[in-house]
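Please look over the sequence and the structure shown below.

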2 protein chains.
Amino acid sequence: MAITVVGSVAFDSIETPSGRRERCLGGAATYFSLAASFFTDVRVIAVVGEDFGRRQEAVFQARKIDTRGIEHTAGKSFFWEGSYLDNLNEAKTHITDLNVFAVFEPKIPEGYRDSEFLFLANIDPVLQKRVREAMPQAKLVAGDTMNYWIKDHRPALLEVLKGLDVLLINDTEARMLADNNNLVQAARGVLALGPHTLVVKHGEYGATAFFGEHSFPAGQVRAAHPFRAPALPLAEVVDPTGAGDSFAGGFFGYLASQSELTPAVFRRAMFYGSVMGSFAVERFGTERLQELTREEIDKRFIVFRELTHLD
Amino acid sequence: MAITVVGSVAFDSIETPSGRRERCLGGAATYFSLAASFFTDVRVIAVVGEDFGRRQEAVFQARKIDTRGIEHTAGKSFFWEGSYLDNLNEAKTHITDLNVFAVFEPKIPEGYRDSEFLFLANIDPVLQKRVREAMPQAKLVAGDTMNYWIKDHRPALLEVLKGLDVLLINDTEARMLADNNNLVQAARGVLALGPHTLVVKHGEYGATAFFGEHSFPAGQVRAAHPFRAPALPLAEVVDPTGAGDSFAGGFFGYLASQSELTPAVFRRAMFYGSVMGSFAVERFGTERLQELTREEIDKRFIVFRELTHLD
């Protein structure tokens, strides 16, 4: 099944203890698409400026990602500059230039309208909702958000949450969204806002899925029992940028590639999410995802199993 | 196989968001013994004052823990007062009165001398080393330590580490001991100091075992691959005191109960460690461990498997 993703396609200047890169290709939709493209067809909705040229386009083409929904307009693409010098788990933002993203009006190509899987990456919830409503055929909808929308755009965000099958956010965001420091209680609070399933990303400690009463996946009988996927302990995290979006791409890409969404498939999707996140951070920007092979992914999946399984 | 544990038996006054308890029975050796007692025979070496009476003794007796090595002397027992009001993951210490512990000279009863398993709980490394040397028959030795010894008693601690099969510490301690912020690199650094295996406890995110070249357990062929046990997501952590010691007790107790120390046994031991930690925090002090049954433990072990396993 094809996935349509709406989100940012951007340029990032990144500094980490491993070095610095200027204006690498980034953005949530970019990381998500690259990661998901190893599992299924991916279609992107985004906006870029004149600085987005053949070289950037080629990154998507190489992974056969449908870019008809990437609108090219006058001006510059979204630009982010940040560093992780003190703490690899938290970016320090130096510059955020929305540029053409400030007036982003998502346009959905006709060819995208049969996408049964829809991913609403971290953008203005007003836009997330608009895209969701414009794609009523989507049978499974997942999304991400961030502290800025949780704090200052709560009513719009709550509208989006009502229509989500899966919400993927990190610990801090989950606690903030539910206004509760205990993760299990926070998860219950978030699930009460609408999403059938909540995936909380813990960075270097992996991710936990919490299941609501209106269970997704169907047949999920352990509503009381969450599921935890590990993260791979890595001797070097070169650049954490995009790890969460790559997790989402691996997770949702794997789900979309399966004919049935059983609890077992959901669990494997969590592992594939962690696998893709572990690759993303091995090099700067999207470098590692660009050169990755499906064989490497499946090998690492086995490592993840050995990391966690008793037998 | 019997375990001998040396460490503190103490009184704790604890405040958490769930409430407050005055002078409950505590101390690393207490939590460790109670947790391990569900798996094997446990013998304690500690010192207490005149405030340790029949009521406290009865807690050990009820779990058939050998207390011949608990020395009773004039004065008061070790006393700790702390709170977890802002952060359940980190205790704020208000009072530490070493009392009789300040002049602790561990004495090993004759009846303990055939113990094949020895656990050196978090005490002065000079004493840890003395006990280790006095029990040369111990075939498997594990230990714990803390930031205070790592910072200010490093030479003595390094002597202890050389003789350990397994060191159990938390993330912060591992990073401090190796002076390295990356956990995998820190683990390599710690393993180079002597322990064959390092178990790093992550609090609410579980624990990871890293294996050195001189592999323990024998047959551990995945020196490059760590093993991660989850922690149980809990809707209420009443009191985190003793969670790490209870982990150690479950882990080491299970190991000591098995006839062969295979990699599979080691993995199950990690899970039993997490299981015991998850119970310990459900009520104040040792309350939950005192009323626990082996049946509850095995039920929760299955929950841990479901939490992490794909199939």
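## Salt bridges within chain A

In this predicted model, the count of salt bridges over all chains comes to 50. One of them joins E71(A) to K107(A), whose closest N and O atoms are 3.2 Å apart. E71(A) belongs to strand 5 (residues 66–72) of chain A, whereas K107(A) sits in the loop between strand 7 (92–97) and strand 8 (117–120) of chain A, so the pair ties together parts that are 36 residues apart in sequence. E71(A) counts as partly exposed, at 24% relative accessibility, and K107(A) is likewise partly exposed, with a relative accessible area of 47%.

Another salt bridge in chain A links E282(A) with R288(A), and here the closest N and O atoms are 2.7 Å apart. R288(A) counts as buried, because its relative accessibility is 9% and the buried class covers values under 20%. Both residues also take part in a network of salt bridges, which links R21(A), E282(A), R283(A), E287(A), R288(A), E291(A), E296(A) and R300(A).

## A salt bridge between the chains

Across the interface of chain A and chain B there are four salt bridges. In one salt bridge, the side chains of R175(A) and E204(B) meet at 3.3 Å, N to O. This pair crosses from helix 6 (residues 171–178) of chain A, which holds R175(A), to the loop between strand 11 (197–201) and strand 12 (207–211) of chain B, which holds E204(B). R175(A) is buried, at a relative accessible area of 18%, while E204(B) counts as partly exposed, at 29%.

## The contact of chain A and chain B

The contact takes 37 residues from chain A and 37 residues from chain B. Between them, the two chains bury about 3,200 Å², of which 52% is on carbon and sulfur atoms. On the side of chain A, Y205(A), R228(A) and L310(A) supply 27% of the area buried against chain B, more than any other three residues.

The interface also has 22 residue pairs in polar contact. Among the elements of chain A that give two or more residues to the side touching chain B are helix 6, helix 7 (183–191) and strand 13 (227–229), and helix 11 of chain A gives the most, with six residues. By class, this side of chain A has 18 nonpolar, seven polar and 12 charged residues.

## Helix 9 of chain B

Helix 9 (residues 263–280) of chain B has 18 residues and reaches 26 Å from its first C-alpha to its last, close to the 26 Å expected. This helix is mostly covered, with 16 of its 18 residues buried.

Note on methods: Residues are numbered from 1 along each chain as its sequence is written. Chains are lettered from A and ligands numbered from 1 in the order in which they are written. This is a predicted model: local features need pLDDT of at least 70, side-chain atom pairs count only at pLDDT 80 or more; totals for chains, interfaces and linings use all residues. Side-chain values use heavy atoms; hydrogens and water are left out. Helices (H or I, at least four residues) and strands (E, at least two) are DSSP runs, numbered from the N terminus. Buried means under 20% relative accessible area, exposed over 50%, partly exposed in between (1.4 Å probe, protein chains only). The expected span of a helix is 1.5 Å times one less than its number of residues. Contact means heavy atoms within 4.5 Å. Buried area is the accessible area (1.4 Å probe) that two parts lose on being put together, summed over both. A polar contact is a pair of N or O atoms within 3.5 Å; within protein, one must be able to donate a hydrogen and the other to accept it, and residues adjacent in sequence count only if both atoms are side-chain atoms. Ala, Val, Leu, Ile, Met, Phe, Trp, Tyr, Cys and Pro count as nonpolar, Asp, Glu, Lys and Arg as charged, and the others, Gly among them, as polar.
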